[in-house]
Amino acid sequence: MPVHEITDPDDDRIADYRALTDVELRTRWEPPHGLFIAEGELVLRRALRAGYPARSYLVDAKRVDQLADLDTGDAPVYAATPDVLQRATGFHVHRGVLASFHRKPLRSADEVLAAARRVVILEDVNNHTNLGAIFRGAAALGLDAVLLSPTCADPLYRRSVRVSMGEVFAVPYAKLDRWPEGLDQVRAAGFTVLAMTPAPDAVPMQRLAPAQRERAALLLGAEGPGLTAAAQAASDVRVVIPMRRGVDSLNVAAAAAVAFWELGREDLI
């Protein structure tokens, strides 16, 4: 595995990794160029196992041996000191390993729905930490796919990928191009759309009928505002996680995990 030493943080060979903390810049750069950045050895290896082609690797010079067993193919391996890494990326790369990957073509919603039994639909979820945590919860708790409204954040943004521990590569996802009209597409595929809301007249999740659970599409909104009125109106059932001690809601990723477990609990019996 040939290794190329980088001593200049402005070296054009590592342009893919420049200013990784600038969300606006990365949003303009990565998807249009068909790229995403993986951070950490575990995430990197999961991306490779999922079939994403590596474009290049950038590692702390002291950690080059961590990649010694990889077949890096035509993707160059660049090594630099922690100082150079920090100046290039904009943060301390404490995991010591980064990689730039080519994206795969995005699946269609119909393709994803055809292979799924239970799905989660996200409206306007723009916090990358929440998005990554929802993907990790979906993988762990038996959801088969994630559908995104047109205004959701990018699941392959570096922070989403890292928080998900690479599970964004394991859980199929697609975008619904029309919103909230796209929920009709989900319903036509045989799913019951369950809109999560803290409204007092919503149905407690544990009281859902077996038919409503069987092919459930759980609909969640952004942190704070929650689901829009239009999305709730386009759903089949409004559901709630009963709360205690006057707490009216949970963080969206926490609420998603509770709801995922509740929908699939009988699968574990």
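This is a predicted model: local features need pLDDT of at least 70, side-chain atom pairs count only at pLDDT 80 or more; totals for chains, interfaces and linings use all residues.
UniProt, in an unreviewed entry, lists residues 119-260 as "domain: tRNA/rRNA methyltransferase SpoU type"; UniProt positions follow the numbering used here, feature names are shortened, and annotations may be inferred rather than shown by experiment. Residues are numbered from 1 along each chain as its sequence is written, and side-chain values use heavy atoms, with hydrogens and water left out.

In the listed span, the end C-alpha atoms lie 9 Å apart, and the span is 32% helix and 19% strand. Helices (H or I, at least four residues) and strands (E, at least two) are DSSP runs, numbered from the N terminus.

Five strands make up an open sheet in the order 1-4-3-5-2, with mixed pairing; two strands pair if DSSP finds at least two bridges between them. Strand 1 (3-5) and strand 2 (35-39) are at the edges with a single partner strand each, so one side of each has no neighbour in the sheet. On average, neighbouring strands of this sheet are turned by 25° against each other, direction ignored. Strand 3 and strand 5 pair in the antiparallel sense over five bridges, and valine 59 stands opposite valine 97 in strand 5.

Helix 3 lies across strand 3, strand 4 and strand 5 and runs at about 130° to strand 3 (axes are lines fitted to C-alpha atoms, for helices over the stretch in contact, and angles run from 0 to 180 degrees between N-to-C directions). Within helix 3 (residues 82-89), Val84, Leu85, Ala88 and Thr89 are buried, meaning under 20% relative accessible area with a 1.4 Å probe, protein chains only. Seen down the helix axis, these buried residues fall within an arc of 115°, so they line one face of helix 3; the arc is that of the directions from the helix axis to the C-beta atoms. Their cover includes strand 3 (54-60), strand 4 (77-80) and strand 5 (97-102).

Threonine 89 deserves a visit of its own. Threonine 89 counts as buried because its relative accessibility is 0%. A polar atom of its side chain lies 2.8 Å from the backbone oxygen of leucine 85, and the threonine 89 side chain also reaches the backbone oxygen of phenylalanine 91 at 3.0 Å. Leaving aside neighbours within four places in sequence, threonine 89 is in contact (heavy atoms within 4.5 Å) with Tyr17, Ala19, Leu20, Thr21 and Leu98. After helix 3 comes glycine 90, whose phi is positive, near 95°.

Terms used: Buried means under 20% relative accessible area, exposed over 50%, partly exposed in between (1.4 Å probe, protein chains only). A polar contact is a pair of N or O atoms within 3.5 Å; within protein, one must be able to donate a hydrogen and the other to accept it, and residues adjacent in sequence count only if both atoms are side-chain atoms.
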